[in-house]
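Here is a short briefing on one protein chain.

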Amino acid sequence: MIFDDGDVGADMFGIIEGEVELRAKDDVRAVLGPGDDVGELALIDNSPRSLTAVATSETTLATIDRHRFLFLVHETPTFVIDVMTVMAERLRNRS
């Protein structure tokens, strides 16, 4: 388990290798792989995690805390566009 629904979210994660499922109870909402990010919503709004993230294979993650996130936003403005695009896509797919 990477994080559980309701956990405090202080980090987001970039998937370097492996596979991660985003789950709402027993419902798999998304299957993510290398190049995908997970946990960005809680990092941005400081709210509890809204889904559970589980590695379903041997997985390597890059941890991005709030300080590093703000650095990336400042140094690479397209980074935030990429994050917002992923967030919008996941929100649209929830309904």
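**Sheet and strands**

Three strands form an open sheet in the order E3-E2-E5, and their pairing is antiparallel. The edges are held by strand E3 (27-32) and E5; each has a single partner strand, so one side of each lacks a neighbour in the sheet. On average, neighbouring strands of this sheet are turned by 30° against each other, direction ignored. The model is predicted.

*Pairing of E2 and E3*

- Strand E2 covers residues 20-24 and pairs with E3 over 5 bridges.
- The sense of this pairing is antiparallel.
- Arginine 23 has valine 28, in E3, as its bridge partner.
- In general, strands of a sheet pair through backbone hydrogen bonds.

*Aspartate 37*

- Strand E4 (residues 37-38) contains aspartate 37.
- Is aspartate 37 buried or exposed? Its relative accessible area is 19%, and the cut-off for buried is under 20%. Aspartate 37 is therefore buried.

*Confidence*

- The protein chain has an average pLDDT of 90.
- A score of at least 70 is reached by 98% of the residues.
- Where in the protein chain is confidence lowest? Helix H3 (residues 77-94) takes that place, at a mean of 82.
- Confidence is highest in strand E5 (residues 52-55), at 97.
- Strand E5 is also one of the edge strands of the sheet.

Notes
Residues are numbered from 1 along each chain as its sequence is written. This is a predicted model: local features need pLDDT of at least 70, side-chain atom pairs count only at pLDDT 80 or more; totals for chains, interfaces and linings use all residues. Side-chain values use heavy atoms; hydrogens and water are left out. pLDDT is the predictor's confidence in each residue, from 0 to 100. Helices (H or I, at least four residues) and strands (E, at least two) are DSSP runs, numbered from the N terminus. Buried means under 20% relative accessible area, exposed over 50%, partly exposed in between (1.4 Å probe, protein chains only). Two strands pair if DSSP finds at least two bridges between them. Axes are lines fitted to C-alpha atoms, for helices over the stretch in contact, and angles run from 0 to 180 degrees between N-to-C directions.
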